[in-house]
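Hi,

Here is the model I promised to pass on.

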Amino acid sequence: MTPSRRGPSSSLWTRRRTIGAVAIAAGLTMALTGALLAACTASEASPQADGTRPAVIGDDSAQPTRPAAPAPPPRPAETLGTDRQRASSAVVAAGAADAPYNYAPALMAEGGRYRMWWCSQLGAAPPPGDDVLYAESSTLDGPFRTNGGAPPAPVFSGSPGGFDKVHTCDPSVIKVGGTYYLYYTGAAGDHARGNAIGLATSPDGITWTRANNGGQILAPSNEVHRENIYGSGQPSALYLDGRFYLMFTDTTGAAAGWNGAGQFVLRSPDPAFGREVESLTPQGFRTIPGTVGNRSRSIVDAFSADWMWVPALDAFAVAHETDGGTTITFWDRDFRRHPYHPVVVRGPWQEGPGLARTPLGHAPPSADGPCDRVPVDLVRSTANTAAPTDMVRFGLDLTGTRACRDPAGALRALDGFATPSPQRTVDLVAGGALVRVERRAVADRLAVRMLERRPTVLDGVPVAARLVRGAPVRRAAGRGTAFLLDDGRLWPIADAGLITANESPVTEIIAAEWDAIAKGPALVVAAG
């Protein structure tokens, strides 16, 4: 029962805990089992939620009878070290006034601050039901407040007449190309399997406009009806290699566990998943019509999970709750194997974690050891007064990543970092390329951090382009602003101050001219 004057049916938390509470509690045990399976190699453990059979990568029954060459043995999962375990000494964020609960946070490191959106309920925000609150802080230890120091405020609530007319909850926020995308669980009431996933966009992360004409972008598949009738929701989004990736719960999915636990994955170049949608299946990603069907593979047995892409590990990290705390399960880029054994961020919890991520949904780099360590920080609810609340920060560093063991790994791990060049200039790693920057003041504005010592692994990496003093700038309405570098490509920028710092002339061009010029990676601070 929700501790609110609005009655026992006024929260999505009530729906997913009261309806099938026994099933969800059992799911915690299954989640722990899933974490143990994650420690196995790809040949030992099934990637499916129910664990009943291994994934089938292909069918060779129609092949000639000649004996095939033996397949190479799968690479064993590596063991990462951990240190710098940490936790805040107090609650970091909570809704003010009559907010009875606080859970399901989404965190973004951007512009020297941490921004957080989460699920709560305020009487001042109509209609009665779950609201998405917002606040920010200079540190993960809080306190999180709105701009100017005011208490956290609702920024997104139910829409009259919509699929989400009562509840908006479980936010996941990323920023791509200057636009913020909010993926959320919406519901019109408490009817069975009524939860669905919606999308809203924003120029600032505070004022939101519903996408898809206010309609849902993903509904329950209804492949299997179970005792747990939650439906679909709890989305977590990230952006990688030109595609939006969406992980989510669907208690009606075919590969969900008996209790509805499981996390499914879709990807698309369209943030609303209206075209070129691919679903992760036992055979890999396969194109599907729309977003409703083919829930044939789950990547972890859990509810309310979060994830991020970790460039230093070239892997996905999925955070989900188990008995000991938050387990981090790793998947390679193609979801074929677990490249690393799971890691546990220990401590109390009551509801799923929110990982501190970059605007793209990636892991922030380590400021003092990007080649050897990765910080993992998260916020989760630690108390339950009829619904989860008391959000606390926990974290640790992954060590022994050896991300700079080769040039490709170094370019991933050092994205956004700058280092002295052999020519007494500065080399900036940007989007997997090395850019030689003539002016230190310009490099300082572009870099996450300036490394005092140059990693020797970069010595064999060719310079992709040079940003010299006075390099021309091109600007087009509706397209953006970019340096035109000596490789003939446009390298987009978001910081207008770079133009002045580099003493660059600006030429206005039309959109067609902009589109005709090849593009380099964006010259933006990768870690926000």
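Predicted model: local features only at pLDDT ≥ 70, side-chain atom pairs only at ≥ 80, totals over all residues.

Residues are numbered from 1 along each chain as its sequence is written, and side-chain values use heavy atoms, with hydrogens and water left out.

First, the overall picture. The chain has six helices and 30 strands. Of its 528 residues, 56% are buried; buried means under 20% relative accessible area, exposed means over 50%, and partly exposed is in between (1.4 Å probe, protein chains only). Taking contacts between residues at least 6 apart in sequence, 62% join residues at least 24 apart, where contact means heavy atoms within 4.5 Å.

Now the sheet. Eight strands form an open sheet with mixed pairing, in the order E1-E21-E20-E19-E2-E3-E4-E5. Two strands count as paired if DSSP finds at least two bridges between them. At the edges are E1 (81–87) and E5 (153–156), each of which pairs on one side only. From one strand to the next, the twist averages 25 degrees. Within this sheet, E2 (residues 103–110) and E3 (residues 113–120) run antiparallel and are joined by six bridges, with Glu110 opposite Arg113. There is also a cis peptide bond to look at, between Gly142 and Pro143, with omega at about 0 degrees. Pro143 sits in the loop between E4 (131–137) and E5.

Next, the stretch around E13 (residues 278–281). E13 runs antiparallel to E12 (residues 264–268), with two bridges, and Leu266 stands opposite Ser279. With E14 (residues 284–287), E13 makes four antiparallel bridges, Thr281 being opposite Gly284. E13 and E14 form a hairpin with two residues between them.

Glu276, in the loop between E12 and E13, has a positive phi near 50 degrees without being a glycine, and at 54% relative accessibility it counts as exposed. Asn294, in the loop between E14 and E15, also has a positive phi, about 60 degrees, and is not a glycine either. Asn294 is partly exposed, at 28%.

On to the cores. I use nonpolar core for a set of buried Ala, Val, Leu, Ile, Met, Phe, Trp, Tyr and Cys residues joined through side-chain atoms within 4.5 Å. The largest has 36 residues, of which Leu313, Phe330, Leu398 and Leu414 touch the most other members. Elements supplying at least two residues each include E17 (325–332), E18 (343–346) and helix H3 (407–413), but E21 gives the most, with four. At least three residues come from each of domain 1 (81–399) and domain 2 (407–516); the domain bounds come from an automatic or database domain assignment. Leaving aside neighbours within four places in sequence, the contacts of Leu398 include Leu80, Leu313, Phe330, Val343 and Val376. Apart from this core lies another, of 24 residues, among them Ala430, Ala471, Phe483 and Ile499.

E18 has one covered face, with Val343 and Val345, and one uncovered face, with Val344 and Arg346. E18 pairs with E17 in the antiparallel sense over four bridges, and Val345 is the bridge partner of Thr326.

Finally, two buried loop residues. Pro455, in the loop between E25 (449–450) and E26 (463–467), is buried at 17% relative accessible area. Not counting residues up to four places away in sequence, Pro455 touches Leu414 and Thr419. The C-alpha atoms of Pro455 and Leu414 are 9.9 Å apart, with 41 residues separating the two along the chain. Ser504 lies in the loop between helix H5 (497–501) and E30 (506–508) and counts as buried, at 9%. Beyond its neighbours within four places in sequence, Ser504 has contacts with Gly470, Ala471, Val473, Phe483 and Ile499. A polar atom of the Ser504 side chain lies 2.7 Å from the backbone oxygen of Ala471.

Cheers

Notes: Axes fitted to C-alpha atoms, helices over the stretch in contact; angles between N-to-C directions. Polar contact = N/O pair within 3.5 Å; in protein donor to acceptor, adjacent residues only side chain to side chain.
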